[in-house]
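Q: I would like to learn how to read the features of a structure, one at a time. Could you take me through them slowly, with the general idea before each case?

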Amino acid sequence: MSELDQQEFRSVLGTFATGVTVITCRDAEGHAAAMTVNSFASLSLNPPLVLWSIEKTSDQFDAFAEATHYAVNILSESQQDISNHFATPGTDKFDGVDHMSGHQNLPLLPDCCGVIECEIVERYDGGDHIILVGRVAATQKTDKKPLIFHGGQYGALR
Ligand SMILES: Cc1cc2nc3c(=O)[nH]c(=O)nc-3n(C[C@H](O)[C@H](O)[C@H](O)COP(=O)(O)O)c2cc1C
């Protein structure tokens with residue numbers, strides 16, 4: 001098999017348009033953690049399962065390794081700033097960011113397209129990432145339009 005061109009690999013992955021989420025949790029001490037994520041995907045309807053993957057080198061990794069639950073905040077087209085904020089390494093990501101408390105005290109963001117609250121039921125190794133499978137416990141939905149990510153850039157539905 002020929003050697004994979006890393007740049008082209010990244011580039012071809014970028015041709016797959018996705019939504020953008022901020023996934024939140026509480027670590028073992030109850031501190032809030034969160035990060036911007038576009039690896040989110042639906043997995044199963046019955047039982048209701050979703051998944052996403054976290055890079056093993058992320059500063060948020062330990063928090064999600066300890067967490068029992070996570071919330072998927074599906075960002076709307078007006079939330080590009082929120083996406084950038086939660087994609088930037090920093091000490092307290094919730095400092096000055098409006099949020100509410102969901103089940104298990106999970107931080108939930110306002111003005112999203114939807115929110116999916118989950119219990120973590122499986123963790124799988126995935127190369128330089130870990131796949132976190134969540135069983136859906138609660139959902140909220142609005143009619144807002146989604147924020148889109150494609151080719152390393154934000155966009156919106158036409
Ligand atoms: C649109 C977008 C999607 C991202 N998706 C993921 C992802 O699925 N998994 C992941 O580990 N990091 C993802 N990241 C990167 C993290 O958001 C970022 O590395 C991290 O939050 C930086 O803060 P930290 O070092 O405190 O973790 C994404 C970033 C952006 C802008």
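A: We begin with the naming of elements: helices (H or I, at least four residues) and strands (E, at least two) are DSSP runs, numbered from the N terminus. With that naming, Pro47 is placed in the loop between β4 and β5, and the peptide bond that leads from Asn46 to Pro47 is cis, with omega near 5°. This is a predicted model, in which local features need pLDDT of at least 70 and side-chain atom pairs count only at pLDDT 80 or more, while totals for chains, interfaces and linings use all residues. Residues are numbered from 1 along each chain as its sequence is written, and side-chain values use heavy atoms, with hydrogens and water left out.

Q: Which residues other than glycine have a positive phi?
A: Most residues other than glycine have a negative phi, and most peptide bonds are trans. Here Gln104 has a positive phi near 55°, and Asn105 has one of about 60°. Gln104 lies in the loop between β7 (100-101) and β8 (107-108), and Asn105 is likewise placed in the loop between β7 and β8.

Q: Is Gln104 buried or exposed?
A: Buried means under 20% relative accessible area, exposed over 50%, and partly exposed in between (1.4 Å probe, protein chains only). Gln104, with a relative accessible area of 52%, is therefore exposed, whereas Asn105 counts as partly exposed at 40%.

Q: How many salt bridges does a search of the whole structure find?
A: A salt bridge is a side-chain nitrogen of Lys or Arg within 4 Å of a carboxyl oxygen of Asp or Glu, and the search finds 2 of them. In one, Asp125 pairs with Lys56, the closest N and O atoms being 2.6 Å apart. Asp125 lies in strand β9 and Lys56 in the loop between β5 (49-55) and α2 (61-66), so the pair ties together parts that are 69 residues apart in sequence. Asp125 counts as exposed at 57% relative accessibility, while Lys56 is partly exposed at 34%. Another salt bridge joins Asp143 to Lys141, with the closest N and O atoms 3.5 Å apart, and both of these residues are exposed.

Q: What does the side chain of Glu117 reach?
A: For this we need the polar contact, a pair of N or O atoms within 3.5 Å; within protein, one must be able to donate a hydrogen and the other to accept it, and residues adjacent in sequence count only if both atoms are side-chain atoms. The side chain of Glu117, a residue of strand β9 (residues 114-126), reaches the backbone nitrogen of His103 at 2.7 Å.

Q: Which atoms of the protein lie at the ligand's oxygen and nitrogen atoms?
A: A backbone N or O atom of Thr36 lies 2.7 Å from an oxygen atom of the ligand, and a polar backbone atom of Ser53 is 2.9 Å from a nitrogen atom of the ligand. From a side chain, an N or O atom of Lys93 is 3.0 Å from an oxygen atom of the ligand.
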